[in-house]
Amino acid sequence: ATFGSPDVGRTDGQPGCHALSLLPVLNSMSTAYHETPTTPRWQAWSLIAAFTLLTLALIAGSLQALRTDGFTKTQANGWANFWHGAPMRALSDDLRGTPVADWLGTRQRELGWLLLKDLGPRVKPGCEGWLFLGDELTVHANGAAHATRRADIAKTLIDGLAARGTHVVVAVTPDKTRIESNRLCALRRPAALDARLPAWSEAMAARALPAVALDAPLQQVKAQLGGEGGAYDRTDTHWSLDGAQAAAQAIAAYLRSQGFTPSPEVGFTVTRAPVAPRWGDLVRLAGLDQLPPHLRPAPDQVALPKFEASTPVAQATSADALFGDGPAAQRIGLVGSSYSRNAHFADWLAHALRSDVGNLARDGGGFAQSMLDFLKQEARSDAPTAWLIWEIPERVLQDPIGADEEALLTQLKALQAR
């Protein structure tokens, strides 16, 4: 194939052309197209090593499961639904519970962080080492309806307990992503969640339920600390020591405005340990807590407090104080989530109230689980608890309604029938 162009330089005066052949170009293109790409030797050996490691891990996990009489799901399923993959799913579930699988999972998360700064599916990075719980950013279908149902359950529950002599005060813990929103950077909090907390406050007011707003005192703490800290710890889901203290003081002030007086009054002294590094639960949730300290996300710097009661009778934060033999006037209960079990919140609350506080909060308590525990304990008590603080994380308000929520009403009826 040739292309021609007029040749103005010919001596005979006739038009001519220069011939340009494309055959060499096409041949080189064909050769380049059909060349087999070469893989660097180190990449090939890395793939072989990874495959070998996974194979050995599978064999080791299988031997471990056999030795400990494992493969229960595999044995139960047998060859049933083979063409639908049921035997392989059962085998996968059995292997997932072996120590080797746990070890591999941890190493995978560590490598993801070290190579890609990946924190896994549930932990989200913000600015300058700030970490956030991804659950706070979940938008639930029919979330507003779920929150309304919870408000109705709270109304029935609080009114029922009030009839027995228990004053319940609701305190919703705002999302960390709400209070520390200036630390999000590229992390986006859905606009649909902006109304979640205000809507709950309105629902409490419409039902004339006693509730404490914690967003204002937490924002005040954040403003006071400026860039030196926050109302929440950088590497933890939960509030910081300063945030927990401010929340406790706000709740105590509200209880006093409703007529609470400590009986008996208990004083506390608070001392602080030296400042030391502390990695929060988000580092553990990301699977990075087993890395050497210098390879983990930067820790918080915390001076942990120590609380000492000034009277021998005091048993702050003990459930025995809630369900003991003392007079009902001194019995104050706390139910809630892991927020009530972190940053010495229950201790700060006892300090601010100058009274014992029985803490029945549980990790993952959500809206209902800790309250269910309280209702069951109350059914075994000789006298009703006088005051009860019900701490609820904002992020669970719009979760789908589960069996625990409906069980609250059933348990309340059982308590009222005593």
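Predicted model: local features only at pLDDT ≥ 70, side-chain atom pairs only at ≥ 80, totals over all residues.
When contacts between residues at least 6 apart in sequence are considered, 77% of them join residues at least 24 apart.

Helix α9, residues 215-225, and helix α10, residues 241-257, have axes that come within 9 Å and cross at roughly 140°; because angles over 145 degrees would be needed to count as roughly antiparallel, the two helices are described as oblique to each other. Their crossing is right-handed. On the α9 side the contact is made by Pro217, Leu218, Val221 and Leu225, and on the α10 side by Asp242, Gly243, Ala246 and Ala250, a set that divides into six nonpolar residues, one polar and one charged.

The loop that runs between α10 and β7 (268-272) holds proline 264, which is joined to serine 263 by a cis peptide bond with omega at about -5°.

Another loop, between β11 (332-335) and α13 (345-353), contains alanine 343, whose phi is near 55°, a positive value in a residue other than glycine. Histidine 344 lies in the loop between β11 and α13 as well, and has a positive phi of about 60° although it is not a glycine. Alanine 343 counts as buried at 18% relative accessibility, whereas histidine 344, with a relative accessible area of 28%, is partly exposed.

Technical notes:
Residues numbered from 1 in each chain as written. Heavy atoms only, no water. Contact = heavy atoms within 4.5 Å. Axes fitted to C-alpha atoms, helices over the stretch in contact; angles between N-to-C directions. Helix = DSSP H or I, 4+ residues; strand = E, 2+ residues; numbered from the N terminus. Parallel < 35°, antiparallel > 145°, perpendicular 65-115°, else oblique. Left-handed = near helix turned anticlockwise from the far one by under 90°. Nonpolar A, V, L, I, M, F, W, Y, C, P; charged D, E, K, R; others polar. Buried < 20%, exposed > 50% of the residue type's maximum accessible area, 1.4 Å probe, protein only.
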